[in-house]
Amino acid sequence: MVASTDQNLVYDLKISSVGPSRVTGTDIFHEPIGVDIAMKLHYLHGVYFFSSQASRGLDIMRIKESLFFWCCDYYTACGRFRRSDDTGRPFIKCNDCGVRIIEAECDKTIDEWLKMKDCSSLNNKFLIYHLPIGPEISFSPLCYLQMTKFKCGGMSLGLSWAHILGDPFSASECINTWGLFLSSLKSNGPIKIIKSPKRLKSSEDPKEPLSLKRVDPLGDLWVTTNNCKMETFSIYLTATKVSQLLSNIWGQSPNKEIPLFESLCAIMWQSIAKVRESHEPKIVTICKKDPNHPKRGLLSNSQIISSVKADFPIKDSNLRELANLLARRDSDENDLIEELVEKDNGMVDYILYGANLTFLNLEEANLYGLEWNGHKPIFVHYSIQGVGDEGAVLVLPWPENCGKYDGEGRVITVILPENEAMKLKSELKENGLLPENEFE
């Protein structure tokens with residue numbers, strides 16, 4: 001529960017819109033491909049914290065002026081959804097309706113905010129303005145940007161991003177590009193219309209991907225329906241703690257080839273299996289950056305989606321064996337997802353995050369690439385809205401330039417059913433895997 005006093009942490013919200021400074025044109029459309037539509041019930045949430053030095057001189061007029069130009073490069077994020085008259089398949093009409101801008105105030109300093117218990121989940125929702133797409137999809141913005149001013153002069157940027165636009169790697173690069181306009185390192189150029197990607201032809205009987213789950217039809221309100229209340233919490237692992245965990249799995253002299261992400265996921269997989277007791281998660285989904293990720297300026301859901309299936313008990317298994325299984329990744333399922341959604345012509349609703357227990361690797365996402373006045377964020381946190389009941393685990397990079405801590409630390413964000421989250425916290429504390437908030 002959120003205390004009633006917490007309701008007033010962020011106040012004086014002012015809402016407006018910003019669109020491209022140049023008219024995109026008439027009858028410009030963007031058609032999401034199958035993988036995009038498979039992600040339509042998911043939303044990315046990100047919060048960037050900037051110091052008073054970084055925020056100096058950034059009033060709302062300067063911010064909006066830079067966003068006018070940024071929207072020209074990312075005009076699809078300024079559009080609104082429609083449905084095809086013939087098939088009902090959703091597409092984006094690039095009509096320059098714009099992104100939503102929210103101005104807000106907070107009477108705490110950023111340091112005080114970061115010292116609050118689990119600032120990255122419970123309270124950060126006040127820094128992110130979020131509304132799902134629907135029930136009138138033609139009026140629903142795809143992107144919200146909330147600027148919150150803190151008592152210390154610092155600011156936060158809260159991002160709510162419809163996942164159908166692109167994965168976390170696309171979203172973070174998109175936001176990083178805005179920093180170039182803000183710093184006058186990128187000028188206002190003509191709008192370059194980008195053709196919609198080609199849709200993959202579906203086979204007559206496509207194989208069902210393990211990573212995707214059909215859900216009951218939701219019509220034009222794109223919100224995941226859970227069977228239970230979901231909870232989000234974060235674990236802060238310093239470089240020393242990460243090194244200790246790796247040594248526990250691989251021995252005292254681990255080599256550089258040891259997969260850090262897979263090792264951490266093996267620990268979390270086994271810990272979650274222990275709290276679920278009678279229904280161990282034998283199948284998990286892994287999402288990682290595609291090394292051939294499209295260049296800056298292109299939005300896409302191009303992350304590599306894989307499934308891993310274990311034929312042995314998870315809670316009693318060897319962690320090294322689990323990590324190796326995750327590193328091998330039994331199958332890449334992007335094409336299978338594409339074929340299945342195309343067979344259904346985009347008219348069936350799915351979830352991916354939380355269809356199985358899902359591990360999302362954001363280590364290679366350039367989360368600290370956004371700069372204000374030459375300064376990078378103090379701290380960046382990403383999470384996902386719309387995770388299914390099986391839950392998700394995100395592995396994020398450690399804050400850059402974080403004093404005594406180096407970049408080998410990790411932040412792990414866990415999204416699970418509320419009753420499982422409580423048991424998992426106890427399990428992690430017993431094993432020394434849930435340290436106190438390292439920002440205190």
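User: What makes strand β8 (residues 155-162) mostly covered?

Analyst: Buried means under 20% relative accessible area, exposed over 50%, and partly exposed in between (1.4 Å probe, protein chains only). In β8, 8 of its 8 residues are buried, so by that cut-off the strand counts as mostly covered. This is a predicted model, in which local features need pLDDT of at least 70, side-chain atom pairs count only at pLDDT 80 or more, and totals for chains, interfaces and linings use all residues. Residues are numbered from 1 along each chain as its sequence is written, and side-chain values use heavy atoms, with hydrogens and water left out.

User: How do you know that both faces of β8 are covered?

Analyst: In a regular strand the side chains alternate between the two faces of the sheet. On one side M155, L157, L159 and W161 are buried, and on the other S156, G158, S160 and A162 are buried.

User: Why is β8 said to pair with strand β3 (residues 43-50)?

Analyst: Two strands pair if DSSP finds at least two bridges between them. There are 8 bridges between β3 and β8, so they pair, and they run antiparallel. F49 stands opposite S156 in β8.

User: How many bridges join β8 to strand β7 (residues 143-149)?

Analyst: β7 and β8 pair over 7 bridges in the antiparallel sense, and M147 stands opposite L157 in β8. The two strands form a hairpin with 5 residues between them.

User: What is the expected span of helix α6 (residues 168-182)?

Analyst: The expected span is 1.5 Å times one less than the number of residues. For the 15 residues of α6 that is 21 Å, and the helix reaches 21 Å from its first C-alpha to its last.

Methods: Helix = DSSP H or I, 4+ residues; strand = E, 2+ residues; numbered from the N terminus.
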